[in-house]
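Hello,

I am passing a structure on to you, and my notes on its salt bridges follow below. Please have a look at it before reading on.

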Amino acid sequence: MKKLSFLTVLTLSCMFASATDGYFSVGYGTINKGLAGAGIAYYQGSLINGNPAGAVFLGKKYQLGVDFFNPNRQFTISGNPSGMDGTFGLGAGTVQSDSKLFVIPSIGANWMLNEKSSFSATVFGNGGMNTNYPVAGFYDQSSESLGVNLAQMFGNLTYSLMLGEKHSLGLTGVVSYQYFEAKGLAAFGMFSSDAANVSGNGTSNSFGVGFKVGYMGKLADNFTIGAMYQSKVYMSEFEEYAGLFAEQGDFDIPSSWTAGFSWDVTDAFTVMADVKQIFYSEVKSISNSMIPNIMTTQLGADDGAGFGWKDITVVKLGLSCSAVEDWTFRAGYSIGENPISESEVMFNILAPGVVTNQLALGFSKNVGQKGNQFHMAINYAMNNSVKGANQMDPPSGQTIEIEMNQLELEFGFSF
């Protein structure tokens with residue numbers, strides 16, 4: 001029964017859709033979600049994919065969470081296709097994506113090895129990309145719908161070490177599993193180096209490894225700084241989609257860094273702020289432009305067309321207040337750049353990760369014996385859209401607008 005329960009967690013961790021920081025989640029774990037992902041220098045939210053240097057301050061701790069994630073995605077085509085030879089016009093109208101609710105669990109544990117060091121293990125789902133449009137929007141006669149499903153699961157093993165009383169370091173080994181499926185894209189076979197591996201081949205699996213390193217230091221009794229770097233996670237290729245993604249199906253997970261501070265204004269009120277940068281340009285299947293690449297290089301080749309995503313910088317602000325006995329209240333705001341430009345809207349019908357601003361609220365309540373807490377967080381990613389020309393049918397004057405907003409509700413328990 002233990003084995004079945006663990007496998008169930010792993011399976012559910014892979015069921016999710018697009019997220020706020022591009023295709024990464026705005027935060028991880030219920031505490032961190034309630035701060036809109038802020039807190040790289042706030043050890044209380046460090047267990048689920050937080051700063052590995054913070055784990056040594058947690059003591060012996062176990063944490064469970066389940067996130068109910070509601071993304072709303074749609075695209076609008078304005079203007080009729082030209083119908084001219086050599087063009088790729090789309091049918092006019094607005095189409096909303098199905099698959100509107102995803103359940104994403106997380107689980108983690110931290111054990112003290114001695115007074116100065118700890119070891120932790122966590123399993124959680126990442127953001128990913130999902131669309132499921134009930135139309136054959138790209139003229140694929142073999143499929144009644146159009147969309148992709150990219151799901152990513154991570155397993156982190158972390159060693160955290162105190163240096164004196166006020167500083168700590170942490171090192172995490174990252175193991176990742178991802179799967180991908182595309183449907184409704186067979187018409188792009190004419191642009192591919194491997195037309196048989198573009199669309200409709202079911203689920204393709206990929207595995208990879210990476211690492212994280214983090215630092216946390218108390219510069220004053222009420223002021224802490226933190227920093228973390230996560231390496232690129234080198235993944236095996238999606239072989240069943242080697243004719244779709246650049247570098248023969250390669251889809252590595254890009255690196256990122258985060259730095260910030262935590263300031264205890266009073267014993268019961270903490271302010272925190274982070275800056276995060278994600279390097280999508282490291283992964284050609286994500287960062288290669290659609291135009292002119294699709295006209296000059298075949299899909300699946302090293303310089304084949306991709307989603308055209310840019311590197312982004314995200315600023316996260318968080319507040320935590322524990323002035324009421326047994327309660328802690330949180331709020332956060334995340335402001336990020338949009339990785340998708342107006343020239344890249346066609347392929348990003350499949351992955352409209354355009355949301356940039358997110359508001360978060362959360363709380364924790366002490367329950368039962370000392371150390372037990374119930375947590376809740378609610379997040380709203382505000383509606384955003386990007387509109388640009390259909391560059392594969394210039395004579396038509398068609399425009400494509402992609403749009404998204406998201407709502408999340410997460411519950412957690414730690415003991």
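Is Lys-316 buried or exposed? Lys-316 counts as buried, because its relative accessibility is 3% (buried means under 20% relative accessible area, exposed over 50%, partly exposed in between, with a 1.4 Å probe and protein chains only).

Some background first. This is a predicted model, in which local features need pLDDT of at least 70 and side-chain atom pairs count only at pLDDT 80 or more, while totals for chains, interfaces and linings use all residues. Residues are numbered from 1 along each chain as its sequence is written, and side-chain values use heavy atoms, with hydrogens and water left out.

Now to the salt bridges (a side-chain nitrogen of Lys or Arg within 4 Å of a carboxyl oxygen of Asp or Glu). The search of the whole structure finds eight of them.

One of these joins Lys-316 to Asp-21, at 3.0 Å from N to O. The pair links distant parts of the chain, 295 residues apart: Asp-21 is in the loop between helix 1 (2-12) and helix 2 (30-33), and Lys-316 is in strand 13 (residues 312-321). Helices (H or I, at least four residues) and strands (E, at least two) are DSSP runs, numbered from the N terminus. Asp-21 is buried too, at 1% relative accessibility.

Another salt bridge pairs Lys-33 with Glu-408, with 3.1 Å between the closest N and O atoms. Lys-33 lies in helix 2 and Glu-408 in strand 17 (residues 399-414), so this pair ties together parts that are 375 residues apart in sequence. Lys-33 is buried at 4%, and Glu-408 is buried at 5%.

Best wishes
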